[in-house]
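My entries are in the order in which I checked things.

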Amino acid sequence: MTLHNVLDFAKEVMNQSINDGDIAIDATAGKGSDTLFLARRVGESGKVYSFDIQKEALDQTSQLLHHHQLDNRVTLFQQGHEQANSLIPVEEQARLKTVVFNLGYLPGGNKQITTQTNTTVQAVSDFLDMLPSGGLLVVVVYHGHEEGKKEKEALETYSTQLNQQQVQVLRYEFVNQVNRPPFLLLFQKR
Ligand code: SAM
């Protein structure tokens, strides 16, 4: 048995959580690799909603989906994930199975444009309200940069005070790696 790195473990968990026909959300589209993964996983009858505030990110995501002929399963929003509540049709929220966040900045992009503590916590809270029982929310926390440190602390505070009867929270982290590696927070609605 091999211990998965954080990103592989996140994929493994999402893989088990999602079935054909489900709805999934990529809250931080970036270059599109998570959106592509979700689009494959939900199958022909499923649907993915992806958010990013940067056109550059959504252009890259769009190209990747087009290359794999999966654009028809994905709706891209150039909007902050904190707006999701008003953008995901209510009737589809019941089919929502998985939400993923990869926090931080666009790889290869402007490092000043990064996810922000307040909107990240707001969006996590909104998605947890939206998710039906059994639904999964995955957050990859990068805390090697200034805003990332604040997000880490805010998410730790937020997640540890959640009622365990309503949401289970698991942290997956290698504790002896150098250079502040990312860790995972997995939230599951009960
Ligand atoms: N999962 C992506 C991938 O596979 O390439 C990487 C995501 S990257 C680490 C973080 C992304 O979050 C950036 O592209 C950034 O523009 C985006 N972002 C920042 N604030 C956001 C917000 N409020 N809502 C949605 N996306 C946001």
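The notes below start with the whole chain and then turn to single residues.

**Overall fold.** I am working with a predicted model. I looked up the secondary structure and found seven helices and seven strands. Read along the sequence, the order is α-β-α-β-α-β-α-α-β-α-β-α-β-β.

I then checked the dimensions. The radius of gyration is 16 Å, which agrees with the value near 16 Å for a compact globule of 190 residues. The C-alpha trace spans about 40 × 40 × 40 Å along its principal axes.

Next came burial and surface. Buried residues make up 49% of the 190. The protein exposes about 9,800 Å², and carbon and sulfur atoms supply 46% of that. I also looked at contacts with a separation of 6 or more: 73% of them are between residues 24 or more positions apart.

**Lys47.** I went to strand 2, residues 47–51, where Lys47 lies. Which side chain of opposite charge is nearest to Lys47? I found Glu92, 6.4 Å away. Lys47 is buried and has no salt bridge; the cut-off for one is 4 Å. I did find a polar contact of 2.8 Å between the side chains of Lys47 and Thr75. Leaving aside neighbours within four places in sequence, I noted contacts of Lys47 with residues including Asp22, Ile23, Val42, Asn72 and Arg73. Glu92 is also in contact with Lys47.

**Salt bridges.** I counted seven salt bridges.

I took Asp59 and Lys55 first. Their closest N and O atoms are 2.9 Å apart. Both residues lie in helix 3, four residues apart, about one turn of the helix. Asp59 is partly exposed, at 33% relative accessibility.

Then I looked at Arg171 and Glu156, a salt bridge with its closest N and O atoms 2.9 Å apart. This pair links distant parts of the chain: Arg171 is in strand 6 (residues 167–172) and Glu156 is in helix 7 (residues 146–160), 15 residues apart. Arg171 is partly exposed at 35% relative accessibility, and Glu156 is partly exposed at 21%.

Arg171 also forms a salt bridge with Glu173, with the closest N and O atoms 2.9 Å apart. Glu173 has a relative accessible area of 32%, so I logged Glu173 as partly exposed. Salt bridges that share partners join Lys152, Glu156, Arg171 and Glu173 into one network.

**His66.** Last, I checked helix 3, residues 55–67, for His66. Is His66 buried or exposed? His66 is exposed, because its relative accessible area is 57% and the cut-off is over 50%.

Key:
Residues numbered from 1 in each chain as written. Predicted model: local features only at pLDDT ≥ 70, side-chain atom pairs only at ≥ 80, totals over all residues. Heavy atoms only, no water. Helix = DSSP H or I, 4+ residues; strand = E, 2+ residues; numbered from the N terminus. Buried < 20%, exposed > 50% of the residue type's maximum accessible area, 1.4 Å probe, protein only. Lys, Arg positive; Asp, Glu negative; His and termini not counted. Polar contact = N/O pair within 3.5 Å; in protein donor to acceptor, adjacent residues only side chain to side chain. Contact = heavy atoms within 4.5 Å. Rg over C-alpha atoms; globule rule 2.2 N^0.38 Å. Areas by Shrake-Rupley, 256 points an atom, 1.4 Å probe, with all protein chains shown as cover.
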